[in-house]
Amino acid sequence: MNYRAPRGTYDILPEDQAHWRHVTETTRRVCELFGYEQIDVPVFEQTGLFERSVGESTDIVEKEMYTFLDRNEERMTLRPEFTAGICRAYAERKLHGRPQPLRLFTIGPAFRYERPQAGRYRQFYQIDVEVLGSQDPAIDLEVMQVAWQIYEAVGIKNLSFQVNSTGCPVCRPGYVEKLRAWYADRLDGICADCARRYEQNPLRLLDCKKEACRAIADEAPRIADSLCDECRTHFDRLRSYLDDLGRPYEVNHRLVRGFDYYTKTVFEVWAEGIGAQNAVCGGGRYDGLIGMVGGPETPAIGFASGIERIILTMKQEGIEPPGVPKPRVFVAYLGAEAKSAAVVLAQELRAAGVGATALWEDRSLKAQMRQADRLGAAYTLIIGEEEVRNGVVMIRRMADSTQASVPRSEAVAAVKEGNTQ
Ligand code: AMP
């Protein structure tokens, strides 16, 4: 039987890790620069949490969740996103008792049963950033700045920031009615998916990707013209902060996003040239969600960014990540006695904080040197029977193939300090 990775999943091989490390380490550094603390929540939760928070009539809940009955017959779902789990933790672990706002980030896999294609997977990795306990538009700006700074620090340049407001329970219902009335005369021109959206989730009519539907949506009434005073003031303030920062952004009236929980601000970041799946980041404000999952009414905002799409964009822009550290020293030996000495030497090196590896397969010196080269070691320490007898070690500097014999007692310090001649 030949097993294969499930459709829509992939392996992150050693040679792929430099990109991954660059993105995850940069994310940690930037988040901490802004004072965000890391949180980790379970990979699976009770199904009801996602049904309730993401929304019953969303694509995710309707057809994309990995849901199963556990051995106790409880319905569980692999997380399709992070916000619901973080809000559940906020309510359950009483994180609202801590100084607010709470600034959090997390990094990990999420799961959606989608049709796989470039940049779209069934197991994918997200960076997720959330601020809970503040309704100030300056926090909306800050969250967007975190995203901005992560991409900038990773080295990505050609990004476009899209912003919109989706209103709140006060003003949105009126807008949805307006939208429905406007679409009532245009049902012949929209796709089958949109016909369904018209019935179940009319806001989503605005973000259909099909050309004909987009043309219609472009002409549709704009939510910006239907916002209540509070939502309008909030959106105006956010835009004026964005203007003050001088970062380019676009107000996109068709941006609504695929979750029911959003209120007020929504935003996305798009990258050119990575194909149809060009959103590297999506987020927004969800002032009603924590109350919905059993916590106190708490305003909050966050975003998630797909790591695969960040890496695709890096590759597209020719950004080379820093290399992953390699062992500094390769230990080569010849003969049984030398092997015992090599085992001890390798451990001494590691204890001194110097990366060390060996083949341990009793191969020729030539084969061992080839391995040292392949691994990119800076030095090879060679021990033969004669070196054991004389209490010395041969040090070979790989960059210029120079060799020197040093007393065994000085070998570790010599390679650690790079002082081998
Ligand atoms: P969403 O949670 O749908 O708002 O998505 C947030 C971000 O996660 C998107 O902008 C993508 O970068 C990424 N993303 C969402 N779904 C997938 C997927 N199936 N495969 C890869 N990345 C994804």
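The dialogue below takes up strand pairing and then cavities.

The model is predicted: local features need pLDDT of at least 70, side-chain atom pairs count only at pLDDT 80 or more, and totals for chains, interfaces and linings use all residues. Residues are numbered from 1 along each chain as its sequence is written, and side-chain values use heavy atoms, with hydrogens and water left out.

Q: Why is strand β5 described as largely enclosed by the rest of the structure?
A: In a regular strand the side chains alternate between the two faces of the sheet. Here, 9 of the 10 residues of β5 (residues 102-111) are buried, so the strand is largely enclosed. Buried means under 20% relative accessible area with a 1.4 Å probe, protein chains only; strands are DSSP runs of E, at least two residues, numbered from the N terminus.

Q: Which strands pair with β5, and in what sense?
A: Two strands pair if DSSP finds at least two bridges between them. Strand β6 (residues 123-132) runs antiparallel to β5, with 10 bridges, and Arg103 stands opposite Val131 in β6. Strand β1 (residues 37-38) pairs with β5 in the parallel sense over 2 bridges, with Glu37 opposite Leu104.

Q: How many cavities of 30 Å³ or more does a search of the whole structure find?
A: Rolling a probe the size of a water molecule over the atoms shows where empty space is left. The search finds 1 such cavity, a set of points on a 1 Å grid over the protein atoms alone where a 1.4 Å probe fits but cannot get out. About 70 Å³ of space lies in the largest cavity, the volume being the space filled by probe spheres set on the points.

How values were computed
Buried < 20%, exposed > 50% of the residue type's maximum accessible area, 1.4 Å probe, protein only. Helix = DSSP H or I, 4+ residues; strand = E, 2+ residues; numbered from the N terminus. 1 Å grid on protein atoms, 1.4 Å probe; cavity = no way out; pocket = protein on both sides within 12 Å on 5 of 7 lines; lining within 4 Å.
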